[in-house]
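Reader: I have a model open and would like to talk through its surface. Can you start once it is on screen?

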Amino acid sequence: MTAPVDQQAFRGALGRFASGVTVVSTVQDGVDHAMTASAFTSVSLDPPLVLVCSHKSSRFHEAVLETGFWGVSILAEEGIAASAWFAHRGRPLDDQMQGIAFHRGESGAALLDESLAWLECDTVSVTDGGDHTILVGAVTGAAVNDVIDDPLLYYRSHYGTIVRLPDSEKTVYGSNT
């Protein structure tokens, strides 16, 4: 049997993985539910699938399991206040969208305006992930904001954005065309 993982080292290691920041939302019985999530990733291009991890004790968790659909707002740097707000546990549920610029997707989910892109998803798989649930969603809609282009990033409990280097995947490895 292996020794248990040092929890402080585990959390420290995970904190050193820079990630984008999303707000994931659903609407249940006319009430918006949303959470900030950095545990979001693409799964497949064909068919288009993404996943997000939701803490089992969150209000969002029960709502999204019941509705079976969710929206993803991939936040721009301008979305920092919204990210912090939706990461705050215990915020009022009824008026949580007050003061947040958003629009409704085809599903009815709130999609935040201060975003680089938006996805709408139908849940196709729900998997136990310890204290989280792994939700895999079939993407039913996608849109890109061509007006803003600086992503909001999260690293070691701090927000940031990117510094664009002159090198890209194509300049380092050559063109794939």
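**Surface patches and overall build**

Author: This is a predicted model.

Reader: Where is V5 found?

Author: V5 sits in the segment before α1, the helix that spans 7-15.

Reader: And is V5 buried or exposed?

Author: V5 counts as exposed, because its relative accessibility is 55% and the cut-off for exposed is over 50%.

Reader: Switching to charge. Which residues gather in the negative patch?

Author: That surface patch of negative charge brings together E77, E78, D113 and E114.

Reader: Where does E114 lie?

Author: E114 is in the loop that runs between β8 (110-112) and β9 (115-129).

Reader: Why does E114 count as partly exposed?

Author: Because E114 has 35% relative accessibility, and partly exposed covers the range between under 20% for buried and over 50% for exposed.

Reader: Now the whole chain. How many helices and strands are there?

Author: The protein chain has 4 helices and 12 strands.

Reader: What box do the C-alpha atoms fill?

Author: Taken along the principal axes, the C-alpha atoms of the protein chain fill roughly 50 × 50 × 35 Å.

Reader: What about the radius of gyration, against a compact globule?

Author: The protein chain has 17 Å. A compact globule with 177 residues would be near 16 Å, so the value agrees.

Reader: Last one. What share of the residues counts as buried?

Author: Of the 177 residues in the protein chain, 35% are counted as buried.

Conventions. Residues are numbered from 1 along each chain as its sequence is written. This is a predicted model: local features need pLDDT of at least 70, side-chain atom pairs count only at pLDDT 80 or more; totals for chains, interfaces and linings use all residues. Side-chain values use heavy atoms; hydrogens and water are left out. Patches are made of residues with over 30% relative accessible area and no salt bridge: like charges are joined within 9 Å, nonpolar side chains (Val, Leu, Ile, Met, Phe, Trp, Tyr) within 5 Å. Accessible areas come from the Shrake-Rupley method with a 1.4 Å probe; for residues, only the protein chains shown count as cover. A salt bridge is a side-chain nitrogen of Lys or Arg within 4 Å of a carboxyl oxygen of Asp or Glu. Lys and Arg count as positive and Asp and Glu as negative; His and the chain ends are not counted. The place of a charge is taken as NZ of Lys, CZ of Arg, CG of Asp or CD of Glu. Helices (H or I, at least four residues) and strands (E, at least two) are DSSP runs, numbered from the N terminus. Buried means under 20% relative accessible area, exposed over 50%, partly exposed in between (1.4 Å probe, protein chains only). The radius of gyration is taken over C-alpha atoms; the globule rule is 2.2 Å times the number of residues to the power 0.38.
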